[in-house]
Amino acid sequence: MTQAVSSPPAPLTAIRRKVRLGPVVERWIGWAILALGGAWVIWSFSASPKQFFEALVVGVNQGTLYALIALGYTMVYGIIELINFAHGDLFMLGTIISMSVFVNFMDQHKLGSWGGFGTLALAMIISMVLCSALNVFTEFIAYRRLRNAPKLAPLITAVGFSFIFQDIGQFANGSGQKNWPVDLGLGGPKIGGLELYHLLIVGGVTVPLLLLMSFIVTRTKQGKAMRAVAADRDGARLMGINVNRTISFTFALGGALAGAAGTLFVSEVSTTRYDQGLTFGLIAFTAAVLGGIGNLVGAVVGGLLIGVIEQLSNGAPHGLGQQWNLTVIFTILITLMVFKPEGILGTRTTEKV
Amino acid sequence: MTAVLTTPAPQTPKKAKQASSRSWGDLAWPIGYVLVVAFLFVFYKNLLPDLQDNIAGNITKWLPITSINEAMVWIVMALGLNVVVGYAGLLDLGYVAFWAVGGYVAGWLMSPPWNPDANLTFHLWSPSNANPQGIHVTFWLVLVAAGVVCVVAGLIIGAPTLRLRGDYLALVTLGFGEMVRQVAINGRVFGFNLTNGDAGISSLDSIGTGPFGQIQGIPTHLGAFDNEFKLLVLGAIVGLCLFISLRIRRGRLGRAWLAIREDELAASMMGVSLVKAKLSAYAVGAFFGGLGGVAYAASITGAVSPSKFDFSISILVLLMVVLGGMGNVWGVLLGALVLSWVNSTGLNQFGVQWDEWFGTSIQGDFKAHQFGLFGIVLVLMMLFRREGILPERRTRALMREPSRSEAEAMGADITEAEIADEVVAEEDPTTEKGLSS
C-alpha cells in the first residue's frame, strides 16, 4: 500500500486498492506518521532539553498569534464558506498601522517604558478598529454581492483584495523591510532570542481576547445569531435574524482579532514587510484547517499546534531550520487533507444533494 | 509529436460529408493562426527595418518583439491553467510550480556545469555553440522531457487532492506551489545541490535549429538577437497547445471535465470516473506548464532562478484565465496577450509616456503598483463580469446561476428567482415560449 501511494505514475491502482482495503490501512499510515513525529520529538528533546524547551515556549507564543488569525479565518469560513485570502494581509496592515501609531505617539510624548505599554495598548485598539472596519468594508462592497455566486467568484475576489491590501501596505511601508524602534527598554531574561516580557505581553493579551471571543460567541445574542446563520442561513432569516448584519459582525470580529495579532506580532519582531501577510495567513489558515475549520476551539488548538511544530522545526535540535518552515507546515496540511480532512475537532460532513 | 499533429487530417473529409460548416471551423483557426504568426515574423524581420523612423520607433517602443515572445509563453501557461480551472473546474493556485519544474528541467539538461556535486558531461544533438562541459540536450528533446516530468509532478500533486473540493483544493495546490519554490530557494535537498539556490542556473543553451540551420538565412542556433526565429519556435509551441486544448475539449475527456466542473456528484453518478478525469486534467495542465517553463527559460531569460516562481505569478496566470473567459480558449488567449503585454511593456511604457506628457517622474510607480491594479481588476471582474471578456456560452450561464441551495429557497428572496429566470431565458429561448403558451 505504501508503495502504491508513493509511486506516482500509477495512482489509479492506488486509489482503487485504497477503496478495497478501506480506511484501516489509511488509519495505520496515519498512526505511523504520528509515531514518527513523536519519536522525533523524543529524539530532539533528549539531545538538548533546554533548547527544546525554549523552542517550545516560543512556539506556544507564536501559536497564540496564529490562533488569533486562524479564528478570523474559521469564523468567516463557518458563516459564508469563504477562504478569506485577504485575511493574512489584513494582519499585515495591522502591523503597519499599529507601528505607525506607536512610533508617532512615542516620539511626540517622550514616554518611558511604562508609558510604552499604554501606547502599545492604544496602537492595538486603533489597529483593531481599523482592521475590522476594513474587513467589514470589503464584505459590504464585494462578498455581499457574491453570496449567491458560484464559490469560485468570492474566492477570486478575496485573492484580489489580498493584492489590493498588499499594494496599500507597499504604499505605506515601502517595498523593503522596515525596522521600528519598539524596544520598551525593560530588558529582562531572554528565551529563544525573545525577551520574556514580550512573551508575557502576548500571553496577557491573547488569553483574555480568546476568552472574550468565546463569551461573545456562546453567551451573547449576537453570537447566537452567528451560530444560527452558520448552521442555516435561510432558516435564520426566516426566524427574524438580520443575516447581513450578522455576517458583517463576524467580519468585524475577525478583522479586530487580525489587527490585535498584528500589534502583538510586531511588538515582538519590530519589523514590518508588505508581503509577510500572505505567508502568515496561509500558516494561520492551515492552523484553522488542522483544528477543524468552522470550529472555534479547533482554531485555537490548531494555531497552538502549528506554532509549536513550526518553532520546534526552527529551533529544536535536529530541526530542519527556518528555511524549511513552509515546507514542513504544508506537508502537515497535505498529509492532514489526505488522512483526516475534517481536522482534529471538526465533524465530517457529507455533501448535500 | 508529428503523429499527433497529423491524426485529424483523415477525419476531415468524413466530417465534411456530415456538416461542411464544421470542417471549415476546424480548418479556419489553424490557417488563421499560421497566417498571423507568419505575418508577425515577416513584419518584424523584413518590414519593420524599412519603415519610417518615427513609426518604427513607436512600434519598437510599444510592441517590441520581445514582448510578443513573452506573451507566447504566458499563453502556453494560461492555456494549461485553463485546462485545470476552466475545463475541469479545479481551482489551482500553485500553477507556477509546473513552470518552475519545467524551467529547472531545462536548467539541468541544457546548461554548462554549475553543480559541484554532480559534474557530468553529456551531449545529445546539442547546438553548435554549446560548452563542451556539462549536460547539453537539444531544446526539442528537453521540451518532451520537461513535459513528462511535469506530468509526473502533476500526478503527485493531483493524487492527494482528489477527495478535496473547491477551497481546500485551492489551498493544497497553493501549498505545493510554495513548497516547490522553497525547495528551489533552499537549493540543497538532503545535502544534494538540486537547484543551486538563489543564484539559480544561468547561461542556458540557445535553441538549436537542427536541419533547418543548413538553409541560407537561418542561424544554426538562436542567439539573444534572433527574436524573430524564436517567435516561430514559440508560435509552434502555442499552436500545439491550442490544438490540444481545442481537440481535447470536444473529445470524451473534455466532456467529462465539463460535466465534473458543472456538477461533480451528478457526473460521477452518470459514470464519469472522477479519479481518471481529475488526474488527467492535472496531467494535461502540468504538461503545458512544463512546455511553458522550458520555453521561458530557454528562449526568454536564458536562466532559471527561484525569484521568478512566486505566488503572484500563479495569480497572474489565473487572472489571464479569468479575465479572458474561463473555458474558452480564445478568451484565454486574449487575456494572456493583454495581461502579459501590460505586465512586460504596457504599464512601463505608459508610465514613460505619462512622464513625457505631464513632465512628472512617476514612471516606476505604475510598475510598482501593478499588482494592486490587478487586484482591483480581479475584484471588478468578479463583481460585474464574472464570465470574462470572451466567455463560453456555457460558462456564462454557469457563472450567473445562483447556487443550488439558494435556488431552492427562491421564495425567500425574490431577486434570486429573477436571476434564475434570466439564466433559463438566456440558455434556451424556447423555454420562455413554452411557459407563455
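Predicted model: local features only at pLDDT ≥ 70, side-chain atom pairs only at ≥ 80, totals over all residues.
1. Residues are numbered from 1 along each chain as its sequence is written, while chains are lettered from A and ligands numbered from 1 in the order in which they are written.

2. Where is confidence lowest in chain B? In helix α20 (residues 429–436) of chain B, at a mean of 40. Helices here are DSSP runs (H or I, at least four residues), numbered from the N terminus. Confidence is highest in helix α5 (residues 65–87) of chain B, at 92.

3. Now the contact between chains. Chain A gives 44 residues and chain B gives 48 residues. Two residues are in contact if their C-beta atoms, placed from the backbone, lie within 7 Å. On the side of chain A that touches chain B, α7(A) supplies the largest share, twelve residues.

4. Next, a helix pair. Helix α13 (residues 311–324) of chain B packs against helix α14 (residues 329–358) of chain B at about 130°, with axes 7 Å apart. Axes are lines fitted to C-alpha atoms, for helices over the stretch in contact, and angles run from 0 to 180 degrees between N-to-C directions. That angle makes α13(B) oblique to α14(B): under 35 degrees is roughly parallel, over 145 roughly antiparallel, 65 to 115 roughly perpendicular, and the rest oblique.

5. The model scores ipTM 0.81 and pTM 0.82.

Note on methods:
Helix = DSSP H or I, 4+ residues; strand = E, 2+ residues; numbered from the N terminus. pLDDT = per-residue confidence, 0-100.
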